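Dear colleague,

Please find the structure below, placed here for your files. My notes on it follow directly after.

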Amino acid sequence: MWSTLKLSAYVPRTEWFAQAMSMFVRIIVFIALTSVWAQARTGTERDYLIAYMAVSQALGFLLQPTTAMGDDLANGTIATRMLWPMSLVKYYISQWLGHIIIPSLICGSAILAIWHIAWDGTVQFARIPLFALSLLMGVIVGIEFDFMFSMIIVRVENETWFANAIRWSLVAIFNGSVIPFAILPADWQHVLRWQPFASMANIPIDSLVSGGSTAASLLIQLTWMALFAAACVPLYRATWKRLTVSGG
């Protein structure tokens with residue numbers, strides 16, 4: 001697993017520009033959105049929204065986990081992945097972590113620095129342990145959803161790029177990483193926090209920014225972790241034959 005992690009962290013020179021543009025766009029999005037909230041809101045609400053967007057964009061690569069399973073299923077290379085001396089779960093998780101480690105460190109540090117300098121942003125360290133637990137649970141929910149989504153694509157024989165485009169757009173909207181739930185009516189906030197995508201971003205971010213991660217919020221994440229895990233096993237078994245065919 002460690003060797004896969006190090007190998008995935010290597011970025012060929014041909015991909016440097018794409019990686020740099022991805023980080024640049026995330027920084028620009030942060031500056032643009034925080035500028036809007038700074039003008040549209042006042043007081044503690046403005047401070048909350050700016051802090052929320054800073055954490056959201058700094059952790060952006062972690063808030064919507066996307067492994068290479070979908071692509072490997074589409075082009076048939078999943079057959080070679082099955083020959084590696086590790087489970088598919090370990091392989092794809094380590095590969096995903098390897099891809100995001102360097103961009104997350106560079107982009108996250110830049111965004112947090114801008115937040116601190118421009119808006120005097122600070123993090124309450126007492127909230128970090130609970131935030132780390134909530135973020136870990138959110139990442140697990142996101143990875144489970146990614147595996148389920150990849151296998152569903154095989155079942156319905158859909159185009160990977162088209163399905164992923166829809167998936168990324170919907171998750172970005174409903175997980176709260178782009179549109180903070182705090183700007184929505186209270187009834188909407190309550191409903192949206194119970195859907196699975198909120199466990200990936202809104203609940204972890206809110207736990208750090210406002211200390212709003214209560215036992216109920218963690219229970220929501222734990223519930224979706226258990227439900228997705230329970231759904232992954234039978235879905236994988238039902239898709240196994242088609243996975244083997246896709247891999248040759």
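Leu192 lies in helix H10, which covers residues 186–192. Please bear in mind throughout that this is a predicted model. With a relative accessible area of 16%, Leu192 falls under the 20% limit and is therefore buried. Leaving aside residues up to four places away in sequence, Leu192 touches Phe174, Phe181, Leu184 and Ala198. For one of these residues, Phe181, the C-alpha atom is separated from that of Leu192 by 7.8 Å, and the two residues are 11 apart along the chain.

**The chain as a whole**

The chain contains 12 helices and 0 strands. Of its 248 residues, 44% are buried. Among contacts with a separation of 6 or more, 76% are between residues 24 or more positions apart. The chain exposes about 13,100 Å², and carbon and sulfur atoms supply 71% of that area.

**The nonpolar core**

The largest nonpolar core has 53 residues, and Tyr92, Phe145, Phe147 and Ile205 are those with the most contacts inside it. Several helices supply at least two residues each, including H2 (16–40), H3 (43–58), H7 (88–119), H8 (128–156) and H12 (215–246). Helix H8 gives the most to this core, with 12 residues. Phe145 touches Arg167, Val171, Phe197, Met200 and Phe228, not counting residues up to four places away in sequence.

**Salt bridges**

Side chains of opposite charge can pair when their charged atoms come close. The structure holds 3 salt bridges.

- Asp146 forms a salt bridge with Arg167, the closest N and O atoms being 2.9 Å apart. Asp146 is in helix H8 and Arg167 is in helix H9, so this pair ties together parts that are 21 residues apart in sequence. Asp146 counts as buried at 1% relative accessibility, and Arg167 likewise counts as buried at 4%.
- Arg193 and Asp206 meet through their side chains in a salt bridge of 3.8 Å, N to O. Arg193 lies in the loop between H10 and H11, whereas Asp206 belongs to helix H11, so the pair ties together parts that are 13 residues apart in sequence. Both Arg193 and Asp206 are buried.
- Asp47 forms a salt bridge with Arg46, with the closest N and O atoms 3.6 Å apart. Asp47 is partly exposed, at a relative accessible area of 44%, and Arg46 is partly exposed as well, at 31%.

**Helix H3**

How far apart should the ends of H3 be? At 1.5 Å a residue, the 16 residues of H3 should span 22 Å; the end C-alpha atoms are 23 Å apart, which agrees. The buried residues of H3 include Tyr48, Leu49, Ile50, Tyr52, Met53 and Gln57. Gln57 has a relative accessibility of 5% and so counts as buried. Not counting residues up to four places away in sequence, Gln57 touches Arg26, Val29, Phe30, Ile111 and Ser177.

**A nonpolar surface patch**

Phe17, Met21, Phe24, Val25, Ile28, Val29 and Ile31 form a nonpolar patch on the surface, with about 610 Å² of accessible area together. Val25, one of the patch residues, is found in helix H2. With a relative accessible area of 43%, Val25 is partly exposed.

With kind regards

How values were computed:
Residues numbered from 1 in each chain as written. Predicted model: local features only at pLDDT ≥ 70, side-chain atom pairs only at ≥ 80, totals over all residues. Heavy atoms only, no water. Core = buried A, V, L, I, M, F, W, Y, C linked by side-chain atoms within 4.5 Å. Buried < 20%, exposed > 50% of the residue type's maximum accessible area, 1.4 Å probe, protein only. Helix = DSSP H or I, 4+ residues; strand = E, 2+ residues; numbered from the N terminus. Contact = heavy atoms within 4.5 Å. Patch = residues over 30% accessible without salt bridge, like charges linked within 9 Å, V, L, I, M, F, W, Y side chains within 5 Å. Areas by Shrake-Rupley, 256 points an atom, 1.4 Å probe, with all protein chains shown as cover. Salt bridge = Lys/Arg side-chain N within 4 Å of Asp/Glu carboxyl O. Expected span 1.5 Å × (residues − 1).
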